[in-house]
Structures are given as C-alpha cells and as structure tokens.
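Here are some notes to read beside the model. Please keep the structure open and check each point as you go.

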Amino acid sequence: MDQKKPEALILRHVAFEGPGVLSRLLPSLGFSMNMIEAPDGGLSALTPRDLLVILGGPIGAYEENDYPFLLEEMALIESHLSRGVPVIGICLGSQLLARVLGAKVYPGKKKEIGWEKIQLTPEGVRSSLGVKGGVTDVPVLHWHGDTFDLPGGAVRLAGTELTPNQAFSLGNQVLALQFHLEATAFDLERWFVGHTLEIATTPGISVQALREQTRKYGQRCEMAGENVFRDFLSKAGFP
C-alpha cells in the first residue's frame, strides 16, 4: 500500500499573494497542497493537517472587528500548534502567529516596502535562515506596515533598523517571517497591480523602482527562500 502523502494546508488572504516558491518545493518533497481562501470563512470546519502555511495580506492581524474570519483563523492556527504541527507564517501570517502565541501586533514606525538585507542574530545564523548562506547577504522583500513583539519562549532570528523583530522561531515547529521569502519575481507583477494604491500613497516607492530591485535581487532571493524552507521542513521531520 502506498504511504499517504503529507498534506500542507495553505491559508491565502488575497489571490495575488500566493505560495510562490513553496508551490514547487512542497510537491518536490512529497506534499499534497490544499490552499484555502481564508476570507471565505468556514475555517472552523477544517481539521489540522501535516503542515500549516499562513501567507500575507494587506490587513492587520488585530482587525477582527472588520474581518471576523481572523478569529477562526487564529483558532485554526492554535489547533495546529497544540498538536505539534509545523507552521510557517509569512508577513500577516507571522503577525497572526505572534498574536496566537500571546504577543502584541501593532503599526510600525512607518511602512517598510522594497528590497533590503536583514541582520541575522547569532541564533538566526544557526537557524534555517543561515543555511547555505541563507539570507545572510541576500536582500529580501519587505512589504508591511505592522510589526509585533517577540512572543514568550520564541527566539528572535533577524531584524532591520526599522523593524527589530523580523523573524522568530519556536523550536523546530514554528518559523515566522515578517519579510517575504516565498514571492517569485514573476509573482510580483501581480503584486504591483494588487497593491497599486499602497504604492502610490507611500512616499519614496514606485512600481518602476520596485521592478528594478526585483530584477536585481528576485532570483537570488528565490534560491535562498527555497533553501530556508527546505531546511526548516527537514528539521521539522520531513525529508
């Protein structure tokens, strides 16, 4: 009898922010993928899978009054965490993880949009972020206005001058990234359309500049992201 494939549950918040490099990495590692549109609701009916991935989105993790599905989503995250399921949170996903783990999420000093290197902590260098060079010398994509406090028991892995808490881990179970290692250069053309209002209203940001940065750094970041996610999943028990 064939062994059942491990299943990855992916929570997406907007159609143009998809799983990117994970779309090719997860199947190569033997995963089946089940992508759920989180705003559609019905999350309380879902059962925990073998891996949970929470993607980004342009809303705040604290805006459950406007977006009630966030309450269901946080309950689903908690159910995965309580069962020891590995969880990857990206941007909004990292902020929701921080909230579920008891930390505060709030607006940052200003929006951080564009490509910039991060500074790894000593623990970050030893983590999946530092594997095979990881993101040590690779500019990564930032696209957020909120930030979070470090949850109790979590290990801070990276930061920037503007946003000290850029990534954290919790053992080998949780990898939370404020920045985007999943996005591909191809994906970002959709982002430039989907985020047109935010780009137009953020001083110093333009589609032309973002596109040029993406040409310079996108492919390197994709390779680094694939290495980071592969290493995390290996440490979490997947080959």
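Which residues of H2 are buried? The points below start there.

1. The buried residues of H2 are Phe69, Leu70, Glu73, Met74, Leu76, Ile77, Ser79, His80 and Leu81. Buried means under 20% relative accessible area, exposed means over 50%, and partly exposed lies in between, with a 1.4 Å probe and protein chains only. This is a predicted model, in which local features need pLDDT of at least 70, side-chain atom pairs count only at pLDDT 80 or more, and totals for chains, interfaces and linings use all residues. Residues are numbered from 1 along each chain as its sequence is written, and side-chain values use heavy atoms, with hydrogens and water left out.

2. Helix H2 covers residues 69-82, which is 14 residues. From its first C-alpha to its last it reaches 20 Å, close to the 20 Å expected at 1.5 Å a residue; the expected span is 1.5 Å times one less than the number of residues. Helices (H or I, at least four residues) and strands (E, at least two) are DSSP runs, numbered from the N terminus. Just after H2, Gly84 has a positive phi of about 80°.

3. The buried residues of H2 pack against strands E1 (7-12), E3, E4 (87-90) and E10 (174-177), and against helix H3 (92-100). Contact here means heavy atoms within 4.5 Å.

4. H2 and H3 pack at an angle of about 70°, and their axes are 10 Å apart. That makes H2 roughly perpendicular to H3. On the H2 side the contact is made by Leu70, Glu73, Met74, Ile77, Glu78 and Leu81, and on the H3 side by Leu96, Leu97, Arg99 and Val100. By class, this contact of H2 with H3 has seven nonpolar, no polar and three charged residues. Axes are lines fitted to C-alpha atoms, for helices over the stretch in contact, and angles run from 0 to 180 degrees between N-to-C directions. Angles under 35 degrees count as roughly parallel, over 145 as roughly antiparallel, 65 to 115 as roughly perpendicular and the rest as oblique. Ala, Val, Leu, Ile, Met, Phe, Trp, Tyr, Cys and Pro count as nonpolar, Asp, Glu, Lys and Arg as charged, and the others, Gly among them, as polar.

5. Eight of the nine residues of H3 are buried, so H3 is largely enclosed by the rest of the structure. One of the buried residues is Leu96, at 0% relative accessibility. Leaving aside neighbours within four places in sequence, Leu96 is in contact with His13, Ile54, Ala61, Leu70, Glu73, Met74 and Ile77. The C-alpha atoms of Leu96 and Ile77 are separated by 8.3 Å, and the two residues are 19 apart along the chain.

6. Cys91 lies in the loop between E4 and H3. Cys91 has a positive phi of about 55° although it is not a glycine. Most residues other than glycine have a negative phi. Cys91 is buried, with a relative accessible area of 4%.

7. Pro39 sits in the loop between strand E2 (32-37) and strand E3 (51-54). With a relative accessible area of 42%, Pro39 is partly exposed. Not counting residues up to four places away in sequence, Pro39 touches Arg12, His13 and Phe69.
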